[in-house]
Amino acid sequence: MPRSARLVVSLDAPSPSTGFDTAPCLTSGPASRLLVQRDDAELIVRELAGWAPVSTIRFPAPWPRGFGSWAVSPAADLAVFAGRHGLRAVDRAGHVRWELRHRCWAGCAGHTDVAGYADDRDHRYSDSGSVAFAADGKLVWAHVRGPSADADTGQDGAEEWLVLDAADGTVLDRAATGTAAAGSVHVPHPDPGQMGLSIGEGQDGAPLRWGRWDGRRLAVDAFGGADRVLLAVSPSGDRLLTVTHDQDTLAVHRTADGSVTATLDADAVPPHPAAEEDTEDDETRAYFDYEGGFVDEDTLVVGTAESDEEFGPGRHWLVDPASMRLLDRLAYPVEVSGPPRALGDGTWYTVSAAGGALLVWAL
C-alpha cells in the first residue's frame with residue numbers, strides 16, 4: 001500500500017524556468033530557508049519566513065548561465081559564482097566583494113572578460129568545479145582547477161580543493177583532489193568545519209572526497225573509492241547517503257570514517273507497473289536517481305524517476321536508513337516530476353509537472 005504524501009505548500013518560481021540550469025531549488029538550514037533560481041542575468045534569492053516569502057534579493061551574475069555554478073550564503077548577504085576562470089563573490093548591493101582567479105577549466109591561456117569566450121563552445125561545455133558555503137556562512141569551499149592566482153604549486157592544471165574566508169576571499173588552505181573532474185557538487189555538513197565533495201569523472205567514475213577544516217589545516221579523506229556519488233548528509237551529521245556511479249546501490253556511511261553501515265540494491269525495487277509483461281527484464285529493472293536524502297534522521301526519500309520515465313510517472317520511495325529496507329512507495333495527490341529532494345526538517349520537495357512551482361511535502 002503506497003504511503004500518502006501531504007502537500008505543505010506550493011512555491012511559485014521567481015522566474016520562468018527554461019531548462020535544467022534555470023530550475024529553482026530550496027535550501028533549508030537552522031536559521032534560514034531560501035528559494036533560489038538562476039536566470040539569464042542574475043541569481044534570484046527569495047527569503048522565506050516559515051514558508052511565506054518576505055523579501056527578494058537579486059545578485060547580478062558575472063557571466064551567462066551555463067558557464068559555471070553558484071552558492072548563496074545562509075544569510076543571503078553574499079553569492080559566490082564559480083566560473084571557468086575563477087570565483088567571484090557579489091554582495092546584496094551588486095558589488096564585487098572579492099575575486100580569485102584560477103587556471104581555466106577549458107584549458108585556455110586565460111580571459112579577462114566574458115565577451116572573449118561567451119560564444120566559445122569549448123568554454124560552454126568544458127569541465128567544471130563547484131562552490132559552497134559552510135553551514136555558518138563564514139567559510140567558502142571551492143573545487144577549482146589549480147593553481148589559483150595566489151599560489152604556485154608546480155602542479156599545472158591539477159585540481160584543488162580550497163577553503164576560503166567568506167569575508168574577503170583569503171585562501172586559508174588548499175589540498176589536491178587527485179581527480180580529473182567533468183563536474184562536481186558540494187554537500188554541506190551541519191559542522192562548518194566539514195564538507196563533502198562529489199566529483200564526476202564521466203564514465204571513469206565518481207570519486208568522493210570528505211574535507212575537515214580545524215581552523216589551521218584542511219584534511220581530506222577519500223570515501224567509497226572511485227565509485228560513490230554523495231547525495232546527502234543526515235540532519236545530525238553522523239551519516240552520509242551515497243549511490244554507486246552505476247546507480248545500482250544506495251549506501252549509508254558513518255561520517256566519522258566513511259564506513260558503510262547498510263546498503264540497498266536496486267533489485268529490491270519492483271518493476272514499474274506500466275511495464276509490459278513481455279518486456280525484457282533488463283529493460284524494466286529500476287535504478288536509483290542521483291538525488292535523494294534524509295527527510296529526517298530516521299527516514300530517507302529516494303527516487304527511480306529516471307529509469308521509470310520510459311513507462312510512466314517516476315516513483316519515489318521511503319527507506320529506513322538504519323537497515324536500508326524499502327518501506328513504502330509515495331503517492332502524491334497531484335502530478336510531480338523528477339526526483340525528490342529532501343530538506344532534513346521532516347519535508348522534501350519536488351517540481352510541479354509544469355515546472356513553474358516547487359511543491360513541498362511531508363508525511
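**Strands, cores and enclosed space in a predicted model**

Val72 stands opposite Ala79, a residue of strand S8. The model that shows this pair is a predicted one. Strand S7, residues 69-72, and S8 run antiparallel and are joined by four bridges. Between S7 and S8 lie five residues, and the two strands form a hairpin. Ala76 sits in the turn of this hairpin and has a positive phi of about 55°. Most residues other than glycine have a negative phi.

Strand S8 (78-82) supplies at least two residues of the largest nonpolar core, a core of 27 residues. Within the largest core, Leu11, Leu26, Val45, Trp51, Phe59 and Phe81 touch the most other members. Other strands that each supply at least two residues of this core include S2 (6-12), S3 (25-28), S4 (33-38), S5 (42-49) and S6 (52-60). In soluble globular proteins, nonpolar side chains tend to be buried together.

Cys25 is a residue of strand S3. With a relative accessible area of 18%, Cys25 falls under the 20% limit and is therefore buried. Leaving aside neighbours within four places in sequence, Cys25 is in contact with Leu34, Leu35, Val36, Trp70, Tyr349 and Leu358. Gly237 is 212 residues from Cys25 in sequence, and their C-alpha atoms are 22 Å apart.

Val140 is another buried residue, at 0% relative accessibility. Val140 belongs to strand S12, residues 139-145. Not counting residues up to four places away in sequence, Val140 touches Val80, Trp98, Val131, Ala132, Phe133, Leu162, Val163, Leu164 and Ala166. Asp165 lies 25 residues from Val140 in sequence, with 6.3 Å between the two C-alpha atoms.

Where does the model leave enclosed space? Rolling a probe the size of a water molecule over the atoms shows where empty space is left. The structure holds one cavity of 30 Å³ or more, and the largest cavity contains about 50 Å³ of space. Its lining consists of Gly68, Ser69, Ala82, Gly83, Arg84, Leu87, His102, Trp105, Ser128, Gly129, Ser130 and His143. By class, three lining residues of this cavity are nonpolar, eight are polar and one is charged.

Ser128, one of the residues that line the largest cavity, is placed in the loop between helix H1 (121-124) and strand S11 (130-133). Ser128 has 18% relative accessibility and counts as buried, because the limit is under 20%. With neighbours within four places in sequence left aside, Ser128 is in contact with Arg84, Trp105, Ala181, Ala182, Gly183 and Ser184. Arg84 and Trp105 are also among the lining residues of the largest cavity.

A sheet elsewhere in the model is made of five strands in the order S1-S26-S25-S24-S23. This sheet is open and its pairing is mixed. S1 (3-4) and S23 (292-296) stand at the edges with a single partner strand each, so one side of each has no neighbour in the sheet. Inside the order, S24 (residues 299-303) and S25 (residues 316-320) pair in the antiparallel sense over four bridges. Gly303 stands opposite His316, which is in S25. In a regular strand the side chains alternate between the two faces of the sheet.

Met324 is found in the loop between S25 and S26. Phi of Met324 is near 55°, a positive value in a residue other than glycine. Met324 is at 2% relative accessibility and so counts as buried. A core of 20 residues, apart from the largest one, includes Met324 along with Leu250, Ala286 and Val319.

Gln247 likewise has a positive phi, near 70°, and is not glycine. Gln247 lies in the loop between strands S20 (239-244) and S21 (249-254). The relative accessible area of Gln247 is 9%, so this residue is buried.

Strand S26 (residues 325-331) also contributes to the second largest pocket, where three residues from this strand make up the largest share of the lining. This pocket holds about 210 Å³ of space. Of its 13 lining residues, Pro313, Gly314, Arg329, Leu330 and Tyr332 are the closest to its centre. The lining of the second largest pocket divides into seven nonpolar, three polar and three charged residues.

Definitions and conventions:
Residues numbered from 1 in each chain as written. Predicted model: local features only at pLDDT ≥ 70, side-chain atom pairs only at ≥ 80, totals over all residues. Heavy atoms only, no water. Pairing = 2+ DSSP bridges. Core = buried A, V, L, I, M, F, W, Y, C linked by side-chain atoms within 4.5 Å. Buried < 20%, exposed > 50% of the residue type's maximum accessible area, 1.4 Å probe, protein only. Contact = heavy atoms within 4.5 Å. 1 Å grid on protein atoms, 1.4 Å probe; cavity = no way out; pocket = protein on both sides within 12 Å on 5 of 7 lines; lining within 4 Å. Points joined across faces, edges and corners; volume = space filled by probe spheres on them. Nonpolar A, V, L, I, M, F, W, Y, C, P; charged D, E, K, R; others polar.
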